[in-house]
Each structure stands twice: as C-alpha cells, then as structure tokens.
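Welcome! Take a moment to look over the sequence and turn the model around, and then let us walk through it together.

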Amino acid sequence: MFKDYRTATLKKEYRSSSKQCKGCPLQAECLGRTAKEKKFSVTYYKEEYDRNIERVESKQGRYMKAKRQSTVEPVFGTLTQFMGLRKINTIGLQQANKVMHLSAIAYNLKKYLKFTQKRTKSGAKALRSLLCEIKTLKYLINFDLSPHNLA
C-alpha cells in the first residue's frame with residue numbers, strides 16, 4: 001500500500017514476474033516485448049467504489065439520478081452561471097448556509113415573479129399581485145435566518 005503523489009490517495013500495487021506469465025496466451029499483449037514484470041495499482045477503497053457503482057447503477061439509483069438532474073442541478077446551474085454564485089466568500093458553514101438560503105430565496109422569488117407576471121391580465125389584478133409581492137418581500141426581509149430557525 002502506498003500514497004499516490006499525483007492524486008494523494010491510497011493505492012495497492014500488484015506486481016508479477018514475467019516468469020509467471022510463461023505459456024499464457026495474453027503474454028504478448030499484457031507484458032509487451034521487453035518487460036520483465038507486470039505491475040498495476042488499484043485504489044485502496046475499491047470495495048467502496050464498487051459498492052457505490054452498484055448502488056448508482058441500480059434501478060432506484062438511475063431513478064434518483066434522473067430526478068436530481070431535473071430538479072436540483074438546473075437550480076445550481078442558474079445560481080452559478082447567471083446569478084454570480086460561483087464562489088461563497090464567507091467563513092464557516094453557518095455563514096455559507098445563510099448565503100445558500102438567501103440565494104434560494106432570490107431564485108424562488110425570481111421564478112415566482114415570472115409566474116405571476118404571466119397570469120396578470122387587468123390592472124386591478126396586477127395591483128393586487130404587486131401588493132402581495134410587497135408583503136412577501138417585507139416578510140422575507142424581516143425573516144430571521146438564525147440556525148435554530150433553519151432546521
């Protein structure tokens with residue numbers, strides 16, 4: 001077992017002498033012409049990788065991946081590409097959570113405003129929806145984002 005200097009991960013290395021390969025039909029492909037030994041390395045966490053691959057490729061894993069791709073990932077894409085959330089410049093997990101919650105609120109408000117603008121037809125309906133939006137914004141501005149309220 002050793003630590004790979006390029007990836008800083010633990011690996012197991014296996015070596016085999018060319019003497020052990022005599023008579024093997026794959027010897028020329030595997031060893032080549034001048035090699036004296038065959039060596040390859042495998043990650044130390046191979047069992048965990050295999051278990052995860054099996055879980056992801058199961059029927060439920062494929063379903064969850066499709067669900068995540070259609071619900072969560074587009075939101076993160078919009079936040080990072082169009083709303084400037086490529087980097088969170090805060091210290092600590094609590095502060096980062098606050099930034100993410102505020103970003104989610106902004107995203108949802110933007111989506112909500114787009115939805116309500118499509119629905120309003122008359123001036124009275126537009127005025128009523130505007131007042132509702134102002135009330136919602138007032139509530140959100142006064143909303144306490146302390147950790148005990150986020151749980």
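## A buried lysine and its partners

Let us start with Lys11, which is buried, with a relative accessible area of 18%. The word has a cut-off: buried means under 20% relative accessible area, exposed means over 50%, and partly exposed is in between, using a 1.4 Å probe and protein chains only. What does the side chain of Lys11 meet in a salt bridge? The partner is Asp4, with 3.5 Å from N to O. A salt bridge here is a side-chain nitrogen of Lys or Arg within 4 Å of a carboxyl oxygen of Asp or Glu.

Asp4 has a relative accessibility of 5%, so it counts as buried. Asp4 also forms a salt bridge with Arg6, where the closest N and O atoms are 3.4 Å apart. Arg6, in turn, is exposed, with a relative accessible area of 62%. Taken together, Asp4, Arg6 and Lys11 are linked in a network of salt bridges.

## How to read this model

This is a predicted model, in which local features need pLDDT of at least 70 and side-chain atom pairs count only at pLDDT 80 or more, while totals for chains, interfaces and linings use all residues. Residues are numbered from 1 along each chain as its sequence is written, and side-chain values use heavy atoms, with hydrogens and water left out.

## The overall layout

The protein chain contains seven helices and three strands. These are DSSP runs numbered from the N terminus: helices are H or I with at least four residues, and strands are E with at least two. If you follow the chain from the N terminus on, the elements run β-β-α-β-α-α-α-α-α-α.

How much of the chain is buried? Of its 151 residues, 11% count as buried. The accessible surface of the protein chain comes to about 13100 Å², and 57% of that belongs to carbon and sulfur atoms. Such areas come from the Shrake-Rupley method with a 1.4 Å probe; for residues, only the protein chains shown count as cover.

Contacts tell another part of the story. Contact means heavy atoms within 4.5 Å. Among the contacts in the protein chain with a separation of 6 or more, 43% are between residues 24 or more positions apart.

## The sheet

Strands of a sheet pair through backbone hydrogen bonds, either parallel or antiparallel. In this model, an open sheet of three strands has the order 1-2-3, with antiparallel pairing. The edge strands are strand 1 (2-3) and strand 3 (37-43), and each of them pairs on one side only. Two strands are said to pair if DSSP finds at least two bridges between them.

Strand 2 (residues 10-17) pairs with strand 3 in the antiparallel sense over seven bridges. To see this pairing in the model, find Lys12, which stands opposite Val42 in strand 3. Then look at the loop between strand 1 and strand 2, where Ala8 is found. The phi of Ala8 is near 55°, a positive value in a residue other than glycine.

The structure holds four salt bridges, and one of them joins the side chains of Asp50 and Lys46 (3.2 Å, N to O). Both residues lie in helix 2 (residues 46-56), four residues apart, which is about one turn of the helix. Asp50, at 37% relative accessibility, counts as partly exposed, and Lys46, at 38%, counts as partly exposed too.

How many aromatic pairs does a search of the whole structure find? It finds one. Tyr44 and Tyr45 form this pair, which is edge-to-face, with 5.3 Å centre to centre and 85° between the planes. For the cut-offs, rings of Phe, Tyr and Trp (its six-membered ring) pair if their centres lie within 6.5 Å; planes under 30 degrees apart count as stacked, over 60 as edge-to-face and the rest as tilted. Tyr44 is partly exposed at 34% relative accessibility, and Tyr45 is partly exposed at 38%.

## Helix 5 and the cysteines

Ser103 has its place in helix 5 (residues 93-119). With 11% relative accessibility, Ser103 counts as buried. Setting aside its neighbours within four places in sequence, Ser103 is in contact with Leu79 and Leu85.

Finally, a search of the whole structure finds zero disulfides, a disulfide being a pair of cysteine sulfur atoms within 2.5 Å. Cys24 is partly exposed, with a relative accessible area of 36%, and Cys132 is partly exposed at 38%.
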